[in-house]
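Hi,

Here is the structure I promised to pass on.

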Amino acid sequence: MRHLLLCTDLDRTLIPNGRAPESPQARRLFAKLAACPQVTLAYVTGRHQALIQQAMLDYDLPTPAFAIADVGASLYQVRGCQWQRWTAWDDHIAPDWGGTSHTELRQLLSGISALTLQEPHKQARHKLSFYAPMQTEPQALLAQIEPILRRHGVRANLIWSLDEATQQGLLDILPARANKLHAIAFLMAAQGFERDATVFVGDSGNDLEVLQSDLPAVLVANADADIKSRVANVSPDRLYLARGDFLGMNGNYSAGILEGVAHHHPDIADWLHQQR
Ligand SMILES: [Mg+2]
């Protein structure tokens, strides 16, 4: 088996917390693959560190070598239970905020009445997170924020999303280069992984940029129809759409990860077949 950097999203990609069923044994087989010395596992997620660790406990997930957390705003090297923040990544993205700190950025936006600061544990050094009313028109909100950022030399990645469960709008403000794709590229360069030795797996909106990039990628079968249609024009050489029927599994969650890795890496497909 050749060396592989296996980068995977968590919620509804590795973690089976969507409506679709999970194939029994798929996560166990995923853990077995992740335990191979040739495989370097990286979690790439919107979750912060404590929520990643909680998911690892709740779902019995393997310990990764790296974690790209907060949608790319934080990068960690993981050794056993030691999580070390990779400050070289912070140094890499900090210039995008032009020297403005988290606190200063919060103060700059304090006049925008639609924004309510999220709890301290949802903030990170390079992630400023607000709540906004569900009915907020995101374009209008961004039109209010962008001139303020521009005036202060802040180049930001603004991520608007909806939390259906709590009926709230969520706005994350990150340095412009703090996103999943850039963080993966940084990790690849730092660890010497070529493009062909890397696979990314995802399921939803904040994975799109990576799914549409030139990295070998996989979309799990349980992804929404909307995401499937948005990646329909990506070359099948780059992006594999899991559909099930690999080792009798359904292609959802970790079964989709295994199916996609097997597609991109026939030597791993052989290895997986031998594990059954
Ligand atoms: Mg996801």
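**Notes on a loop and some helices**

Gly 244 sits in the loop that links β12 (239-241) and α9. Keep in mind that this is a predicted model. Leaving aside residues up to four places away in sequence, Gly 244 touches Ala 221, Met 249, Asn 250 and Gly 251. Ser 23 is 221 residues from Gly 244 along the chain, yet their C-alpha atoms are separated by 9.8 Å.

On to α9 itself (residues 253-264), which packs with α1 (residues 26-34) at an angle of about 45°, the axes being 8 Å apart. The two helices are therefore oblique to each other, and their crossing is left-handed. From α1, the residues involved are Ala 26, Arg 27, Leu 29, Phe 30 and Leu 33, and they meet Tyr 253, Ser 254, Ala 255, Ile 257 and Leu 258 of α9. By type, that contact has eight nonpolar residues, one polar and one charged.

I also looked at α5 (residues 138-151). With 14 residues at 1.5 Å a residue, α5 should span 20 Å, and this agrees with its end C-alpha atoms, which are 20 Å apart. Leu 141, Ile 145 and Leu 149 are buried in α5, and the buried residues of this helix pack against β7 (128-133) and β8 (156-163). After α5 comes Gly 153, with a positive phi near 65°.

Cheers

Notes
Residues are numbered from 1 along each chain as its sequence is written. This is a predicted model: local features need pLDDT of at least 70, side-chain atom pairs count only at pLDDT 80 or more; totals for chains, interfaces and linings use all residues. Axes are lines fitted to C-alpha atoms, for helices over the stretch in contact, and angles run from 0 to 180 degrees between N-to-C directions. Helices (H or I, at least four residues) and strands (E, at least two) are DSSP runs, numbered from the N terminus. Angles under 35 degrees count as roughly parallel, over 145 as roughly antiparallel, 65 to 115 as roughly perpendicular and the rest as oblique. A crossing is left-handed if the near helix is turned anticlockwise from the far one by less than a right angle, and right-handed if clockwise. Two residues are in contact if their C-beta atoms, placed from the backbone, lie within 7 Å. Ala, Val, Leu, Ile, Met, Phe, Trp, Tyr, Cys and Pro count as nonpolar, Asp, Glu, Lys and Arg as charged, and the others, Gly among them, as polar. The expected span of a helix is 1.5 Å times one less than its number of residues. A residue is buried if 20 or more other C-beta atoms lie within 10 Å of its own, exposed if 12 or fewer, and partly exposed in between; C-beta atoms are placed from the backbone.
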